[in-house]
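Biologist: Could you walk me through this one? I'd like to learn how to read it as we go.

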Amino acid sequence: MSKGKMKKLEVFGATIQGFVNACKNLNIVAGSKATELISDIEVNRWYPFERLRNIEKIVIESYENAKPILERAGTEMMLTWYKFGPGKQIIDNGVDFLKFQSGSQGYASVVKGPENLGGSFELVKIDINKGNALIHSTTPFNKDLERGIIIGGMSAPGDLDYIDVTNDEDEHYFNIEFH
Amino acid sequence: MNLKELLNLKTPPKKDDLTDEDIAKLFIKYKGLLKKLERDEAFWSATNENIKRAYEKLDDLVEERTIELKTVNKQLQLELTERKKAEKMLQESEERFRSLIETTSDWIWEVDQNGIYTYSSPKIIDILGYRPEEIIGKTPFDLMPFDEADYVKKIFQSIVQSQKPFELLENMNQHKDGRLITLETSGVPIFDKNGEFQGYRGIDRDITERKKAEETIRESEEKFKGIFDFAADALHLMVGDKFIDNNQKAIQMYGYKTKEEMLGTTPMDISPERQPDGQLSSEKAIQYIQEALAGKPQIFYWKHKRRDTGELFDVEVMLSSIVLGGKTYLLASERDITERMKAERELKRTMEELKISNEELEQFAYVASHDLQEPLRMVASFTQLLQQRYQDKLDQDANEFINFAVDGATRMQGLINDLLILSRVGTRGNPFKATDMNIILQDVLDNVTQSIKETDATITNDPLPVVIADDSQMIQLLQNLISNAIKFHGGEPPRIHVSGEVKANEGIFSVKDNGIGIDSKYFEKIFVIFQRLHKKEKYGGTGIGLAVCKKIVQRHGGKIWVESELGKGSTFYFTINKTKAIKE
């Protein structure tokens, strides 16, 4: 995440497009409406974070129970990131994805802006032998979406047989179990 | 055997082939799949729930929309019906409007901002001889003679600048065949929805005939004015009983000094209070005015009074209504008949004197002839006695003198008898009654039988009518004419034909002969008493017969005349006026 003195929070165009494409693939947001949402989005440009929040808002307003929808959207988003985006160049396996979040470096690659607005998404601890980890998130992302992102990012390489992510006790802390 | 190899097995492994590690890996794999299934189920459950909810919403929405659609559909149908109705009304209105435009006697047109015709109704064919398509693209000034176009263009430019309606603008146009047509133009400006001026729409009326009529009326009124001002009679133009115009003669005749002085006066201002018959002048004047206003021209006498001297004088008034410039007036024409009245009174007095004189003369003639008969008879008798007793005792001269005396006395008796007969026509006539002229003719023929035999005369007649007359005098009249016809025969035996018929209010009779005829210069003279055209030695008689005829005919309100030519016979005509006869 950039430490510059930016006034606004911005999100990378590829992230927005990835999220919307995931919604499209899952038929969460259909047809022309989805196309309209990203018609002016260029993957290499930065956009106000509000653009992403607005898309989140559309999904939340469309579903009575949006939690599993957003989670699945996050998962789908990261599978695409891995299969068709830069994911394979960044990580080799599911644990790498967790490690990639150390020092919030993964988060910083898609969001930039004032820290007080952007928050952090950081790997707090990891025990590979026991197969558990803890991520602390203070980002403005929807937490269900973030849970999906963790699941998707870890499962995309296909080397893990079991992945479970929970934040039921405190939504900002993701307890991760993997094998 | 790793897990991948294990999963690729086509048949289940034997228990002994699996290590505890394999079993643990399978357990984790199984648990991981369950977790994934759990997440998938949560996702699909949420999705299905959403779909279900969407379906429910959709059902509600469909139901709601169906109701809405039904309402809207109903509304649409109503609107459609209304629109169709409106369209039909609009179409009918347009047809009516078009029909009105095409059948109206006026020409409807539209011009754009530049004054160029963009529409012309078909009426232009009748008015200016052009087809509508020939007019489109032209300007009004293209249809006008050069001078007129120049003149009207200035006026029209001013109107266009004002962008206001205009009406009744008269302008001269040239028909396609060259005739000049006067049009009366009215128009209103056209603006588009933004208020931009687009041109004019208007109407042209052919007023050529009206203009001609107005010109004729104007000329007629000018002529009337000329006649009015310089007429020899006094003329007044009146509204009700007030003089609104008087000519010079009127002003002079009634003693006014100026035209203005007489304006607004009434006939009563120049009339005595009462007319000669005792009626109030005001009442009598109103009667005449009302009759004249009712369309009955009045001609009457009026006693007027000069305003300045008060002198009374008589006028003959002709009062009638006339229309000038579309308004009804009374025109009084008055002629000063003071002199004429004086002459008429003089004539009347003379006629009365003449009548008295005639009556006295007739009476004198009767009395004289009657009273003269006795001494004359005495002279004749004694002269004849003298001739008988002393004829041989006197010399030749004395005998000749006595013969002269006897002859003179005899002729004198004849004259006196005739005079008596003539005077008796007027003084001793019988009352008039229905008289069958066929019977009269028969009586006459009986009376003249001897003459007929002596001259071998032939007398024929048509059926004769019945007239109202003095039968004795009718015998006397017809007998005199037939006797004359026999008497004045030529070399041939007399052939006489009597005719008669009733025409209108009088009986017309004729007695035609083949006698010696009469020179036209004597046609009047023959009816004068004792006038003879021939020596008494050749044709006897005193010359009173036709005078008696004339007097009888006059008594019967008729006239007598002759048509004749020397040597070719004569035809005597006379008429008997039935009305005159009845009145007497």
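Modeller: Let's start with burial: a residue is buried under 20% relative accessible area, exposed over 50%, and partly exposed in between (1.4 Å probe, protein chains only). In chain A, 50% of the 179 residues count as buried. Two ground rules: this is a predicted model, where local features need pLDDT of at least 70 and side-chain atom pairs count only at pLDDT 80 or more, while totals for chains, interfaces and linings use all residues. Residues are numbered from 1 along each chain as its sequence is written, chains are lettered from A and ligands numbered from 1 in the order in which they are written, and side-chain values use heavy atoms, with hydrogens and water left out.

Biologist: How many helices and strands does chain A have?

Modeller: We take DSSP runs, numbered from the N terminus: helices are H or I with at least four residues, strands are E with at least two. Chain A comes out with nine helices and seven strands.

Biologist: What is the largest nonpolar core made of?

Modeller: A nonpolar core is a set of buried Ala, Val, Leu, Ile, Met, Phe, Trp, Tyr and Cys residues joined through side-chain atoms within 4.5 Å. The largest here has 54 residues, and Ile16(A), Phe19(A), Ile28(A), Leu98(A), Ile150(A), Met154(A) and Ile176(A) have the most contacts inside it. Helix α4(A) supplies the largest share of this core, seven residues. Another core lies apart from it, with 41 residues, among them Val425(B) and Ile482(B).

Biologist: Which residues does Ile176(A) touch?

Modeller: Contact means heavy atoms within 4.5 Å. Leaving out residues up to four places away in sequence, Ile176(A) touches several, including Leu98(A), Ile150(A), Met154(A) and Val165(A).

Biologist: And the interface: how much do chain A and chain B bury between them?

Modeller: Interface size is often given as the accessible area lost when the parts come together. Here we sum that loss over both parts, with a 1.4 Å probe. Chains A and B bury about 1,500 Å², 57% of it on carbon and sulfur atoms. Arg72(A), Asp161(A) and Tyr162(A) supply 37% of the area that chain A buries against chain B, more than any other three residues. The contact takes 17 residues from each of chain A and chain B.

Conventions: Buried area is the accessible area (1.4 Å probe) that two parts lose on being put together, summed over both.
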